[in-house]
Amino acid sequence: MNNGRNSFHRFLLILLSLGGLLTIIGLVNAQQTTPNPQVIETDSHIFTRMAEGVYQITGTGKVYVMSNAMLIVGENDLLIVDSHVTPHAASVLLEAVKAVSDKPLRYLINTHYHFDHAHGNQVFPADVEIIGHHYTRAKLSGAQGNVLEEPTFLSFTEGVPDLVARLEQQLAETTDPARKAALEIQLNAQRAHMESLPTTIPTPPNITFENELMLYQTVMHGSREIQLLHLGRAHTGGDVVVYLPAERLVYSGDMMLPFLAYMGDGYAQEWPQTLEALKQLDFDTILPGHGAPIQGKAMIDHFQRYLEDIWAKTVALKAQGLTAEQTAQQIDLTNHRANYPQIQAAGADVRAIRRIYALLDQEPAE
């Protein structure tokens, strides 16, 4: 009788031990498989939670989006900042947002008029209000010419068919399965991008402002203050930053990036002062129009110094009689290499130098 009881006790101990082991294994597996609650990923987009109801939007690579965006989720509605590079990319974005919230979209904000941030405007529903600076409306409405014929748009898009052809050739020549799979993803994304480009109809904001516009979005415990600010001319003539004071976040568009910004339509002589105004805002994190979030304000200082230097050196070289193309080849900005490792030798983007020359030609002679 005692032997039977002891055997039963041993069986219980083994069973309990096994149960504990299975529980531990289950917990470990759960830790390994539970998705990061700060990130929601769809096939096309990654939504990274930066604050309660505030998400940075980036692409997975399966769709060519080119630029970042931002989603702000309120109690009753949604707000998106920037609409990606083409109607196709924007359509996919609108579908992907449903993975985060099924609330109705109320506002789309354009940080500036450039194609990679505003050429998805046309596919947003008619009841969505598009907000931007007066300058952005002027550019996208055609009041200042056709943006589809401007050097910026053409310089970034004319090479897309050649890129698709190169990717097709690389795919045909590669035998490595992993490389082939990666090329197929890239090729499919660029083909869709190429096919969508001709369907673009520049669509301007229907609500505009000059210096600031305040929005108050209903949230669970009250209202979220959303400040739309034009701090001055910088990357374009109508840059808008989206400032969330309570969240200590600012979405900068292309005014401030974690690397050198495109300057082909910029105001390099005014940009540092505009960035100085940006630094006066009380924030911890910048969400840029491209690249990873920027913590703190030190990187703003670096870019201000670069802008001041490229302006001064271009002025000096132009005064020596050099053409914009010659200056672009010769200008030495390697003293900024510590902050911008992509600067490996003398030279600069010729589009930036041509823009500075144009600005200098507009200035009255002293």
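Buried means under 20% relative accessible area, exposed over 50%, and partly exposed in between. With that in hand, welcome to a few close-ups of this predicted model.

**View 1. Lysine 313 and aspartate 309 pair up within helix 9**. Lysine 313 is partly exposed, with a relative accessible area of 25%. Its salt-bridge partner is aspartate 309, and the closest N and O atoms of the pair are 3.0 Å apart. Aspartate 309 has a relative accessible area of 15% and is therefore buried. Which helix holds both residues, and how far apart are they along it? Both belong to helix 9 (residues 298-319), where they are four residues apart, so about one helical turn separates them. An α-helix has 3.6 residues a turn, so residues three or four places apart point the same way.

**View 2. Aspartate 77 and arginine 106 form a salt bridge**. Here the closest N and O atoms are 3.4 Å apart. The pair links distant parts of the chain, 29 residues apart: aspartate 77 lies in the loop between strand 4 (69-73) and strand 5 (78-81), while arginine 106 is in strand 6 (residues 105-109). Is aspartate 77 buried or exposed? With 13% relative accessibility, aspartate 77 counts as buried. Arginine 106, at a relative accessible area of 43%, is partly exposed.

**View 3. Aspartate 349 meets arginine 351 in a salt bridge**. The closest N and O atoms of these two residues are 3.0 Å apart. Aspartate 349 counts as partly exposed, at 33% relative accessibility. Arginine 351 is partly exposed too, with a relative accessible area of 24%.

View 4. How many salt bridges does the model hold? The count comes to 17 salt bridges.

**View 5. Helix 7 and the elements that cover its buried residues**. Helix 7 runs over residues 177-196, a stretch of 20 residues. From first C-alpha to last, helix 7 reaches 29 Å, close to the 28 Å expected at 1.5 Å a residue. Which residues of helix 7 are buried? They are Leu183, Leu187, Ala189, Gln190, Ala192, His193 and Ser196. The cover over these buried residues includes helix 2 (87-96) and helix 6 (160-173).

Conventions. Residues are numbered from 1 along each chain as its sequence is written. This is a predicted model: local features need pLDDT of at least 70, side-chain atom pairs count only at pLDDT 80 or more; totals for chains, interfaces and linings use all residues. Side-chain values use heavy atoms; hydrogens and water are left out. Helices (H or I, at least four residues) and strands (E, at least two) are DSSP runs, numbered from the N terminus. The expected span of a helix is 1.5 Å times one less than its number of residues. Buried means under 20% relative accessible area, exposed over 50%, partly exposed in between (1.4 Å probe, protein chains only). Contact means heavy atoms within 4.5 Å. A salt bridge is a side-chain nitrogen of Lys or Arg within 4 Å of a carboxyl oxygen of Asp or Glu.
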